[in-house]
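Let's take a walk through this protein together. Have the sequence and the 3D view at hand, and we will go from the charged pairs out to the overall fold and the surface.

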Amino acid sequence: MTTSSFAQSNGYAGGTLETYQHGTIKGDLIFTSGNSKYSGELSSGTNFSLVFDTALPEGSKIKIARLYLYWTWSHNGSADVYPEMEAFFEGQAIAPDNNYTDRKGSGVYDYPSGTYAYNLTAINLDKESHFTIKNAGLGKFAINGAGLLLVYENANKQDIDYWIDEGSDIIYAAEGVTSEQATTKANFNGDIDIKNIKTANLITVVPSGNKGENTLYFNSKNWEGVYKGIPY
């Protein structure tokens, strides 16, 4: 895997995530990180295993199933390279349909990081799903965690609106980049009747966002220090 469909070029400054899909269904969604965690550097030929609980309520039908692999520190010696990564679901090879990458853009250790997104909607997921990630190249890279998103229809659930934004954006207020510049935006376009909202949930994924020196903004509200690397 040496190309990307969405490559940031802002260095430590932020950009804008892409909206992958937006819709309304009678059902719900689940996002889980399963047993994933930081893998450490994976040498050539090394495998990394992932397990997710994919049990859904009875009578559910999957509308979207999407695996996200967050990778980082991809290099061969001191040279920057994109990872030659192979992924398998229950032994069946799967390929990403969207690849997002970014890098700091200067100085030493200017190695790319990214998010690979896999469309698993047509795959029959069991109550427990097993994935294997293999380093098929000569370089090294690390898996910075993973996520599985399931959007499902169910006649016993209420109608929900959902937005899925994707990307990879390394942000850091350092090396001449201000906090305002080191900001990633995620837009959720469309109209909502506020009076009919019972609950609203925002799920964000920030690999290596564990210094606690960060702020999450949603419209006019903000939360400081949300990403603290807990539980690991």
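How many salt bridges does the structure hold? There are six of them in this predicted model, and a few are worth looking up in your viewer.

Start with Arg66 and Glu166, whose closest N and O atoms sit 2.5 Å apart in a salt bridge. Arg66 belongs to strand S5 (residues 61-76) and Glu166 to strand S13, so this pair ties together parts of the chain that are 100 residues apart in sequence.

Now move along to Lys26 and Asp159, which form a salt bridge with 3.6 Å between their closest N and O atoms. This pair links distant parts of the chain, with Lys26 in strand S2 (residues 18-32) and Asp159 in strand S13 (residues 159-166), 133 residues apart. Lys26 is partly exposed, at 40% relative accessibility, while Asp159 is exposed, at 54%.

Asp80 and Arg103 make another salt bridge, their closest N and O atoms being 2.7 Å apart. Asp80 lies in strand S6 (residues 79-80), and Arg103 in the loop between strand S9 (98-102) and strand S10 (113-119), so the pair ties together parts 23 residues apart in sequence. With a relative accessible area of 39%, Asp80 is partly exposed.

Let's step back to the whole fold. The protein has 15 strands and zero helices. Its radius of gyration is 18 Å, close to the 17 Å that the globule rule gives for 232 residues, so the protein is as compact as a globular protein of that length. The C-alpha trace spans about 55 × 45 × 30 Å along its principal axes. Of the contacts between residues at least 6 apart in sequence, 79% join residues at least 24 apart. Of the 232 residues, 37% count as buried.

One place to look is a nonpolar surface patch of about 420 Å², made by Phe188, Leu202, Phe218, Trp223 and Val226.

Conventions: Residues numbered from 1 in each chain as written. Predicted model: local features only at pLDDT ≥ 70, side-chain atom pairs only at ≥ 80, totals over all residues. Heavy atoms only, no water. Patch = residues over 30% accessible without salt bridge, like charges linked within 9 Å, V, L, I, M, F, W, Y side chains within 5 Å. Areas by Shrake-Rupley, 256 points an atom, 1.4 Å probe, with all protein chains shown as cover. Salt bridge = Lys/Arg side-chain N within 4 Å of Asp/Glu carboxyl O. Helix = DSSP H or I, 4+ residues; strand = E, 2+ residues; numbered from the N terminus. Rg over C-alpha atoms; globule rule 2.2 N^0.38 Å. Buried < 20%, exposed > 50% of the residue type's maximum accessible area, 1.4 Å probe, protein only. Contact = heavy atoms within 4.5 Å.
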